[in-house]
Amino acid sequence: MTLPSAFKISSDVNRALQMGQPVLALESTVITHGLPSPHNLSLARDMEAEARNEGVTPATIAVLNGLIQIGLSDSELEELAVAKAMKVSQRDFAAAIVKKASGGTTVAGTLFAAHKAGIKVFSTGGIGGVQKEARFDVSPDMLALANTPMLVVCAGAKSILDLPATLEYLETVGVPVVGYQTDEFPAFYSRQSGLKTSARVDSPAEAATFARAHWDLGFGSGVLICQPVPSGDEILRREIDPIIEQASAEAREKKISGQALTPFLLKRINELTSGKSMRTNISFLLNNARLGAQIAKAMMPARKVRAI
Ligand code: PSU
Ligand code: MN
């Protein structure tokens, strides 16, 4: 595999890919912009541990000093967690490379880099979508999902978004929205949204079979596997919705928009819930890393056993 010169692949990830072993891609905007220090670093390590516990090689993806890295060492994770980092979607890679800057890759950015490296499965918290505050603000995650044949495990789209519009968008661009052990699209902090998914699977093997069936038809889009937050860690909609309203109103007042909007809302909601929303966020990030790893294993072709 020849990667563009701006890429650097870790020896662990390279070995696993060469040997046909399962690899799980993990994003890094959640480290640089999603969670406050020091929770960001421990979360990054814990997500990798979830993959390793399943016998899967984690590939955290980020830009470090102008290089697009597929797989980070522990000291590189540390460096990223304290770096003054950019938020890197597709259009930001060249800017980061020429400035030799560091950045956390969003879902869209991670899809680009992971796909180039030949990785098929990726776990995140919640995908971006259509913003409620500015319906013309559609996350680049939507188009990246439309154009990248990878399986993405998420807890739905962030409930700070316009969820019905986000689902309409995914329908328009042909991305299957698959509930994991549910028929309902999960809403990030909450298990329920009142909105339906387009399909359902109940096991990692079924998720793998579903994705294969989609790609075998020649479709080039992603497959979204949506796993609700574990019920013990959920925040019910009636509790979180007024807080989201308040945070959104503050964003409006402060005229916060563009790339800064999602990080502002996540931070403000965490303050307004005295840290509860962050615990919920961490719970589903880890849960999604575990499921992503299980699906990555299930996607491996059955090994042929040679007759003696
Ligand atoms: N999920 C989380 N926390 C996050 C994100 C997702 O639990 O911080 C990040 C993802 O990287 C996603 C990005 O791609 O937020 C979306 O940002 P925007 O809405 O600006 O596209
Ligand atoms: Mn946006």
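**Conventions.** I note that this is a predicted model, where local features need pLDDT of at least 70, side-chain atom pairs count only at pLDDT 80 or more, and totals for chains, interfaces and linings use all residues. Residues are numbered from 1 along each chain as its sequence is written, chains are lettered from A and ligands numbered from 1 in the order written, and side-chain values use heavy atoms, with hydrogens and water left out.

**Whole chain.** I found twelve helices and eleven strands in the protein chain. Its radius of gyration is 18 Å, close to the 19 Å that the globule rule gives for 308 residues, so the chain is as compact as a globular protein of that length. The radius is taken over C-alpha atoms, and the rule is 2.2 Å times the number of residues to the power 0.38.

**Ligand 1.** I listed the shell, meaning residues with a heavy atom within 4 Å of the ligand. There are 18 residues, and the closest are E27, K87, S139, D141 and T262. At least two shell residues come from each of α2 (29–34), α7 (140–147) and α11 (261–272).

I then looked up polar contacts, which are pairs of N or O atoms within 3.5 Å. A polar side-chain atom of E27 lies 2.8 Å from an oxygen atom of ligand 1. For T262, a polar side-chain atom is also 2.8 Å from a ligand oxygen atom. G126 uses a backbone N or O atom, 3.1 Å from a nitrogen atom of ligand 1. Taken alone, ligand 1 exposes 480 Å², and the protein buries 96% of that. These areas come from the Shrake-Rupley method with a 1.4 Å probe.

**Backbone.** Most residues other than glycine have a negative phi, and most peptide bonds are trans. I noted that the peptide bond from S37 to P38 is cis, with omega near 5°. P38 is in the loop between α2 and α3 (39–53). N65 is not a glycine, yet has a positive phi of about 50°. I place N65 in the loop between β3 (57–64) and β4 (67–70).

Terms used:
A polar contact is a pair of N or O atoms within 3.5 Å; within protein, one must be able to donate a hydrogen and the other to accept it, and residues adjacent in sequence count only if both atoms are side-chain atoms. Helices (H or I, at least four residues) and strands (E, at least two) are DSSP runs, numbered from the N terminus.
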